[in-house]
Amino acid sequence: IQAVEGGERDDGAGAWSWDMLDPKKVFDKPGSYYRNWFACLLIGTINNLAYVIVNSSAQSLTDTFDKGNLLGLVPAANVTAGVFAQSLNTMLFPYITAKGRIGANSMVFFSALALLGISAYPGSFLYSYWSCLFFIVILGGACSFGESAILGYLHKFPPQLVSGWSTGTGCA
C-alpha cells in the first residue's frame with residue numbers, strides 16, 4: 001500500500017467509481033471467452049456433482065440397506081479409484097487423444113451413474129449394498145479421471161478458463 005498525492009492510500013486496485021459498472025468495461029473480452037467460461041463451469045459442475053451427491057447421501061444409502069456400521073465405506077469407495085484413475089489418464093495421455101479419453105470417460109461415468117441408481121432401487125436385480133459400493137468405486141474413478149482429462153485439455157484455452165472449471169466444481 002502506497003501513499004499517493006493528497007494523503008489518500010492506494011492499495012493497487014484503484015478507487016471505486018460508477019464507471020466500473022459499465023458493461024462495456026466489465027465485459028471487455030470477446031463473446032467466445034464467456035461462452036467457453038460458462039461451458040467450463042457447466043462441465044466442472046457435472047463432473048463433480050455425482051461425487052458430491054454420493055458422499056452426501058452416504059447415510060441414507062447405508063440406512064436403506066441397514067448397514068449403518070459400514071457408513072465409512074461409501075466415501076472411501078468414492079475416493080479409492082481416484083488415484084488409479086488419474087494415473088491411468090497419465091499413462092494413456094500419449095496414446096489416446098483428450099477427446100477420446102473424455103468421450104470414453106463420459107460413457108463410463110453415465111453408465112456407472114445409471115447402474116448405481118438401479119442397484120439402489122428396491123426390487124431391481126442389482127439391489128444390494130455391495131453392488132452400490134462397486135458402482136460408487138467406478139463412478140468415483142470416472143470423476144477423478146474426468147477431472148484430470150479435462151484439466152489437461154484446458155491447456156489449449158486461455159488460463160483464465162480454469163476459474164470457470166473451479167467455480168463449477170464449487171457449485172457442485
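Reader: How many disulfides does a search of the whole structure find?

Author: This is a predicted model, and a disulfide is counted where a pair of cysteine sulfur atoms lies within 2.5 Å. Cys132 is buried, with a relative accessible area of 0%, and Cys143 is buried as well, at 3%. For the whole structure, the number of disulfides found by the search is 0.

Reader: Which elements make up the protein chain, and in what order do they run from the N terminus on?

Author: The protein chain contains 2 strands together with 7 helices. Read from the N terminus on, the order of these elements is β-β-α-α-α-α-α-α-α.

Reader: What share of the residues in the protein chain is buried?

Author: A residue counts as buried when its relative accessible area is under 20%. Of the 172 residues in the protein chain, the buried ones make up 30%.

Reader: What covers the buried residues of α7?

Author: In helix α7, residues 162-171, the buried residues are Gly164, Trp165 and Gly168. Seen down the axis of α7, these residues fall within an arc of 100°, so they line one face of the helix. Among the elements that cover them are α2 and α6.

Reader: Is Ile46 buried or partly exposed, and with which residues is Ile46 in contact beyond its neighbours within four places in sequence?

Author: Ile46 lies in helix α2, and with a relative accessible area of 41% it is partly exposed. Once its neighbours within four places in sequence are left aside, Ile46 is in contact with Phe109 and Phe110.

Reader: What distance separates the C-alpha atoms of Ile46 and Thr169?

Author: Along the chain, Ile46 and Thr169 are 123 residues apart. In the predicted model, the separation between their C-alpha atoms is 8.1 Å.

Methods
Residues numbered from 1 in each chain as written. Predicted model: local features only at pLDDT ≥ 70, side-chain atom pairs only at ≥ 80, totals over all residues. Heavy atoms only, no water. Buried < 20%, exposed > 50% of the residue type's maximum accessible area, 1.4 Å probe, protein only. Helix = DSSP H or I, 4+ residues; strand = E, 2+ residues; numbered from the N terminus. Arc of directions from axis to C-beta. Contact = heavy atoms within 4.5 Å.
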